[in-house]
Amino acid sequence: MTIHVRDFRETDRPALTALWEACGLTRPWNDPNDDIDRAVAAREATILVGYAGDHLIGSVMAGHDGHRGWVYYLAVDPAHQGRGAGRELMEEAGLWLASRGAPKLELMVRDGNDRAAKFYESLGFERQQVTVYGKWLKAPSESSARKAS
């Protein structure tokens, strides 16, 4: 499948958040609109969107922290999965990061998401011997925290 990949535009927001919801990428404690706003505001981050015709069918968020490149929110509309769009979006994210000097691309896969793990392994990614720790620097909103419990 050939898709047209380009930088996110504000007019993409409703379709993008709907795509992330359809792909199960959102979490109650993590407002996708806030994530979009932070990526748009950051110099070393982007959101790439993929279109088939006039339908947004995929996305990937990429950022460079000065040490490594990171990918988040890789999403392909369930009706279009298995046709190469995810591979194409990952290639574009890798090119974007390489053009900014990132020596390595890393990403996180939630425990139990074997389908995603197999996909990334098919692209040449290897499981790293690390454990990810997290700590909230800004507590999620009360309504989000209630939904998460």
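Q: Which residue caps the N-terminal end of α2?
A: In this predicted model, D31 takes that place, with a side-chain oxygen 2.8 Å from the backbone nitrogen of N33.

Q: And which residues of α2 are buried?
A: The buried residues of α2 are P32, D35, I36 and A39. Seen down the axis of α2, they fall within an arc of 100°, so they line one face of the helix.

Q: What is exposed on the other side of α2?
A: R38 and A41 are exposed there.

Q: What do the buried residues of α2 pack against?
A: They pack against helix α1, which spans residues 13-22, and against the strands β2 (45-52), β3 and β4.

Q: Take T17, then. Where is its place, and is T17 buried or exposed?
A: T17 belongs to helix α1. Its relative accessible area is 16%, and T17 is therefore buried, the cut-off being under 20%.

Q: Which residues is T17 in contact with, leaving aside its neighbours within four places in sequence?
A: With those neighbours left out, T17 is in contact with P32, N33 and I36. Two of these, P32 and I36, are also among the buried residues of α2.

Q: Back to R38. Which side chain does R38 meet in a salt bridge?
A: The partner of R38 is D35, at 2.4 Å from N to O. Both residues lie in α2, which covers residues 32-41, and they are three residues apart, about one turn of the helix.

Q: How many salt bridges does the count come to?
A: The count comes to six salt bridges. In general, side chains of opposite charge can pair when their charged atoms come close.

Q: Which residues does E106 form salt bridges with?
A: E106 forms one with R68, where the closest N and O atoms are 3.8 Å apart. E106 also forms one with K104, with a corresponding separation of 3.2 Å.

Q: What does the pair of E106 and R68 tie together?
A: E106 lies in strand β5 (residues 105-107) and R68 in the loop between β3 and β4, so the pair ties together parts that are 38 residues apart in sequence.

Q: How accessible are E106, R68 and K104?
A: E106 is buried, with a relative accessible area of 17%. R68 counts as partly exposed at 22%, and K104 also counts as partly exposed, at 31%.

Q: Which residues do salt bridges that share partners join into one network?
A: Salt bridges with shared partners join E10, R13 and D37 into one network.

Q: New topic: the largest nonpolar core. Which residues touch the most other members?
A: V60, V71, L89 and M90 do, out of the 19 residues in that core. At least two residues of this core come from each of β3 (55-64), β4 (69-76), α3 (85-98) and α4 (114-122). The largest share, six residues, comes from α3. In soluble globular proteins, nonpolar side chains tend to be buried together.

Q: What is V71 in contact with, its neighbours within four places in sequence left aside?
A: V71 is in contact with V60, M61, M90, A93, L97, L105, E106 and L107.

Q: Which residues are in the other core?
A: Another core, of 13 residues, lies apart from the largest one, and its members include L19, W20, L56 and Y73.

How values were computed: Residues are numbered from 1 along each chain as its sequence is written. This is a predicted model: local features need pLDDT of at least 70, side-chain atom pairs count only at pLDDT 80 or more; totals for chains, interfaces and linings use all residues. Side-chain values use heavy atoms; hydrogens and water are left out. A nonpolar core is a set of buried Ala, Val, Leu, Ile, Met, Phe, Trp, Tyr and Cys residues joined through side-chain atoms within 4.5 Å. Buried means under 20% relative accessible area, exposed over 50%, partly exposed in between (1.4 Å probe, protein chains only). Helices (H or I, at least four residues) and strands (E, at least two) are DSSP runs, numbered from the N terminus. Contact means heavy atoms within 4.5 Å. A salt bridge is a side-chain nitrogen of Lys or Arg within 4 Å of a carboxyl oxygen of Asp or Glu. The arc is that of the directions from the helix axis to the C-beta atoms. A polar contact is a pair of N or O atoms within 3.5 Å; within protein, one must be able to donate a hydrogen and the other to accept it, and residues adjacent in sequence count only if both atoms are side-chain atoms.
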